[in-house]
Amino acid sequence: MCGIAGFVRQRGAEPIDREILDRMTATLAHRGPDDTGAWSGEGAFLGHRRLSIIDLAGGHQPMANEDGRVVVAVNGEIYNHHALRDGLLARGHRFATRSDCEVLVHLWEDEGPAMLSRVEGMFAIALWDARDRTLLLARDRMGKKPLFWGLFDGEAVFGSGVRALLAHPEVPRRVDPDALYRYLTMDFVPAPRTMLAGIRKVMPGGYVVVRDGRASEGRYHDLRRAPESPVSNEADAAGRIWDTLVAATRRRLESEVPLGVFLSGGLDSTAVLAAMAQEQDPARIRTFTIGFDDPSYDESGPARAVARHLGTDHHERILDGAEAVRGVRRVAELADDPLADASLIPTHLLSRFAREHVTVALSGDGGDELFYGYPTFLADGPGRLAAAVLPRVARERLLPRAASLLPASERNMSLRFQVERFARGLRHGRLHRHFAWLGSFAPHAALALMTPDAAVPARRDDPYPDVDAWAACCDDWPALETLSALYARLYLADGVLVKVDRASMGVALEVRSPFLDTAMVDLALSLPARWSLRGRTTKALVRRMLRGRVPDAIIDRPKKGFGIPVARWLRTDLKPLMREHLSAPRLAREGLLRPEAVEALVAAHLSGRADHRKELYNLLVLELWMSRWIG
């Protein structure tokens, strides 16, 4: 796992270019503390920071092909590199290292961009071909590794973080109002946009080719769904999922450094640990858990029970409010693009804790999106029914009013929080409804919060344009299966995976996700949703798969999620930070948000009249990000 950065210019090299490259690469030192590398030639500059995992002695990057005309810098791991290497050796290619990434320069020689469809792994690639002055930028299928880029006066600039691009003198710092609207409504900025105008993300499963100062974007992978299920019943499906998970976990165990598992106590991390325990002695597996002193958020007990049952070397820590304050500041520094997922804080602290013992950790990310684990999937049916039978005045006025009469609570998923969220979703159609449930601000509330100068360029008839763009790729799919794909392409790719990458790479820890193996994704999307959603039970297939492998008490627990007591901390430990960064003078200077509207949210939350934890945390993260990256 590493960080990459660089640029390609049309004019010849200048003496300051190497200094610019070094500055860009230095911003990514946290992603790769073990080694740094740089290459330049004919106006192309590639930089690399390395976290050594495979071929510790010989994997220095950037690395080149035999004649030195094709050069690559990679962030990530290529899981099928052994099979690819065997084929390339048979075709006469010569290798200088045992690195998994060296296969890429040789594949490019033979296949060009078509090679991407044969590469399995989590990766962000920057490849330069001096023969025709072509730059290739590419990301893995699910978007596990980040890659940002932009064209500035014909100069292509790229890097593993926005911070790397901002170290280049040609890159401006200007907030994109359209991206701000998306962030307020979704808690993240969906690819290909970022919060900064001109800086883009390479899409998951996508690539960018830059030649002669012009860029073209393409895709080598889309989510696939077989027209018929590969198995005929749920028992066979559960067996197939287990076999696929074990194989995917096995592929992710290659490492020359210590390896462990994030264990939350939920189904997905438990399943990954059970699969890993089938492949190696459980006593040698180190598991890591973060807990909370608030029982409505704490999952350390169930995690401890799983570890005890499987016999792992278990480690846990309890998080308090003081650590949260330090954590909020740190994650705003790490995020590059603002991300209003409060679980980034415990994920970062968990990563820091695990890094004291291991360099690689496995996680259960992807299971909720692929096997319908979120409470919003259960709410889909009642949402459709309520939208069909309740008159508009009941949906948009009476139900929200009734919710406001319930007592505000700091507890995780309180009744008032659930009713308010449910009512918000009823303003929208089925697919949009889910993202209204997930995001901090309703579309109309986001526009009302923005100043006129910011709201006018962001205003649009379509409240969730990214949902519609991805849904168009699944227009012949059943509705629930389409929702699974939307969660994977938006909530997972631009939310969950960003959280895990920034949290872990902030302490130079590599995280691997067996549920996001291509075979597992293809299998999950091809199984009927009704096999996973059984009445009021989520992830029925995963529960069935685990039955007999871990205690029933773990399997039958309702989902809790990796949240933190934000509502309480905003009234206590985080209150001074919130007051500082959401002050009226600061907001007025920036000119993006209406100070009086923000102050109304703050006052209502501090008084206990309302629970605005999501909205205020969203705004706090935004302002911390503005302070760090805009100034």
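Where does Pro 192 lie? Pro 192 sits in the loop between α5 (177–186) and β10 (200–201). Helices here are DSSP runs of H or I with at least four residues, and strands are runs of E with at least two, numbered from the N terminus. A cis peptide bond joins Ala 191 to Pro 192, with omega about 10 degrees.

This is a predicted model: local features need pLDDT of at least 70, side-chain atom pairs count only at pLDDT 80 or more, and totals for chains, interfaces and linings use all residues. Residues are numbered from 1 along each chain as its sequence is written, and side-chain values use heavy atoms, leaving out hydrogens and water.

Now take the whole chain. The protein chain holds 27 helices and 17 strands. Its C-alpha trace spans about 70 × 60 × 50 Å along the principal axes. For 631 residues, a compact globule would have a radius of gyration near 25 Å; the protein chain has 24 Å, which agrees. That radius is taken over C-alpha atoms, and the globule rule is 2.2 Å times the number of residues to the power 0.38. Of the 631 residues, 63% count as buried, meaning under 20% relative accessible area with a 1.4 Å probe, protein chains only. Among contacts (heavy atoms within 4.5 Å) between residues at least 6 apart in sequence, 73% join residues at least 24 apart.

Next, a helix pair. The axes of α2 (residues 81–90) and α3 (residues 103–111) come within 10 Å and cross at roughly 50 degrees. Each axis is a line fitted to C-alpha atoms over the stretch in contact, and angles run from 0 to 180 degrees between N-to-C directions. α2 and α3 are therefore oblique to each other. Angles under 35 degrees count as roughly parallel, over 145 as roughly antiparallel, 65 to 115 as roughly perpendicular, and the rest as oblique. From α2, His 81, Leu 84, Arg 85 and Leu 88 make the contact; from α3, Val 103, His 106, Leu 107 and Asp 110 do.

Back to the loops. Pro 62 is in the loop between β3 (44–50) and β4 (63–64).

Two residues other than glycine have positive phi. Tyr 372 has a phi of about 60 degrees. Tyr 372 is in the loop between α11 (367–370) and α12 (375–389), and is buried at 2% relative accessible area. Lys 539 has a phi near 50 degrees. Its place is the loop between α20 (518–526) and α21 (540–546). Lys 539 also counts as buried, at 4% relative accessibility.

Methods
Buried means under 20% relative accessible area, exposed over 50%, partly exposed in between (1.4 Å probe, protein chains only).
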